[in-house]
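This report concerns one protein model and is intended to be read beside its sequence and coordinates.

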Amino acid sequence: MTHAVEANFDGLVGPTHNYAGLSFGNVASTQNSAQLSSPKQAALQGLAKMKALHDMGMLQGVLAPQERPDIHTLRRLGFSGSDADVLAQAARQAPRVLAACCSASSMWTANAATVSPSADTVDGRVHFTPANLTNKFHRSIEHKVTGNILRATFADSQYFAHHDALPGVEHFGDEGAANHTRFCHEYGNQGVEFFVFGRYAFDGSKPAPTVFPARHTYEASEAVARLHGLDPDHVVYAQQNPAVIDQGVFHNDVIAVGNRQVLFCHEQAFLNQAEVINQLSRKMDDQFQVIQVPTSDVSVDDAVRSYLFNSQLLSVGGETHLVIPEECRNNAAVWRYLQQLESGPAPISKLHVFDLKQSMSNGGGPACLRLRVVLNSAEQQACNQNTLMSEALYSRLTTWVKQHYRDQLSEADLADPQLLNESRTALDELTQILKLGSVYPFQQV
């Protein structure tokens, strides 16, 4: 066995963090539309979580945000003239398009890509496929720069393999690691990769949600597994329960989370749930623990509103810890269940509560903010060391945020040319801090 650890690479919240209500099917995003946001507070809250996990002994990395407003995309849509002209035209003619091109949604790096560790892949490299995120326009424009950032973070082709996003059509709608979990006995051993999807794209007779969209297809999961060279005997596919998608469970990580030999999920998470669990258990040689939360203890609605399952399961000092948002403590049913869980015989032994209100108000909890990347010792050394959290990096990024980010932002502010200048200045400096090179369109003009 090769020794390996699971690193968390969190998305740094961008300077244009705002509440435009762009994500149909995401309850928090819709309900908090048009509120004032605080980009500075959002970024600092995210950094505080990264630093806390680093202090717990986790390998913690940082992924840079996207360039926003996205002038490149606005020009592709027919707006012209100077950058200020482009913003003014978009604000006047298509304000919702402008809002989409200003979204800071790349902060939720669980959607950035699907990652397969070298222990699972046929060529013994870590594989990355950026998610095409076709279901939401504001996210579908991310994957090219996401790929640039991932290549700059994991650059050595001896250890890392990078694929292009899947074709950008609904048949291959791919939402990344928000619908992907890896189970294993040890991180350095071959594991079982668990792909969760919302619908079949080429078979309309199969079950599917009727209220909210199923963003991820079976065909996309199959394609990523092929690209990554996975052994079919070490892969399990499962369909989300369409009834819970229609209750606001837009990704699997809103209703289930897994780590190593533990699956923590709601009893209504999957279609044919008993068979899904049996498959996982068989492929894990029956050394598999499942914590199924009954509806009688926590309703789907409470799970969605608290983001109980949009949590991080961490292996810390031989124990399994659960990172949850403050909203879990504020929900009586959820908090009562968690207190019983922590004190009982279940494998989860400790809770860590974080204030992530700025992200939560836009529909993203602790698990949304991180991309899990299993790395052995050689791969850790081969990745961009400037992106790994440390006391020095935390201090420098905190100073950077306080210098460049606004305290408040409204949707009306998105057309301000000064916001574009502030964002580009900040990101240009960030690429130097993280040693990323020219990953943004404005740097390549």
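The sections below treat the annotated site, a cavity and an arginine in a helix.

## Basis of the model

The model is predicted, with local features requiring pLDDT of at least 70 and side-chain atom pairs counting only at pLDDT 80 or more, whereas totals for chains, interfaces and linings use all residues. Residues are numbered from 1 along each chain as its sequence is written, and side-chain values use heavy atoms, with hydrogens and water left out.

## Annotated active site

In an unreviewed UniProt entry, the annotation "active site" covers Glu-175, His-251 and Cys-368. These residues are spread over 194 residues of sequence, yet they cluster in space, with a largest C-alpha distance of 11.3 Å. Positions follow the numbering used here, feature names are shortened, and such annotations may be inferred rather than shown by experiment.

Glu-175 lies in the loop between strands E5 (160-162) and E6 (180-183), while His-251 occupies the loop between helix H9 (242-245) and strand E9 (256-259). Helices (at least four residues) and strands (at least two) are DSSP runs numbered from the N terminus. Glu-175 is buried, at 3% relative accessible area, and His-251 is buried at 2%; buried means under 20%, exposed over 50% and partly exposed in between, with a 1.4 Å probe and protein chains only.

The side chains of His-251 and Glu-175 make a polar contact of 2.7 Å. A polar contact is a pair of N or O atoms within 3.5 Å; within protein, one must be able to donate a hydrogen and the other to accept it, and residues adjacent in sequence count only if both atoms are side-chain atoms. Beyond four places in sequence, His-251 also touches residues including Asn-111 and Arg-215 (contact: heavy atoms within 4.5 Å). Glu-175 has Asn-111 and Arg-215 among its own contacts, counted with neighbours within four places in sequence left aside.

## Second largest cavity

By class, the lining of the second largest cavity has 6 nonpolar residues (Ala, Val, Leu, Ile, Met, Phe, Trp, Tyr, Cys and Pro), 4 charged residues (Asp, Glu, Lys and Arg) and 2 polar residues (the others, Gly among them). A cavity is a set of points on a 1 Å grid over the protein atoms alone where a 1.4 Å probe fits but cannot get out, and lining residues have an atom within 4 Å of a point. Strand E15 gives the largest share of this lining, 5 residues.

## Arg-424

Arg-424 lies in helix H17 (residues 417-433) and is buried at 18% relative accessibility. Its side chain joins that of Glu-67 in a polar contact of 3.1 Å.
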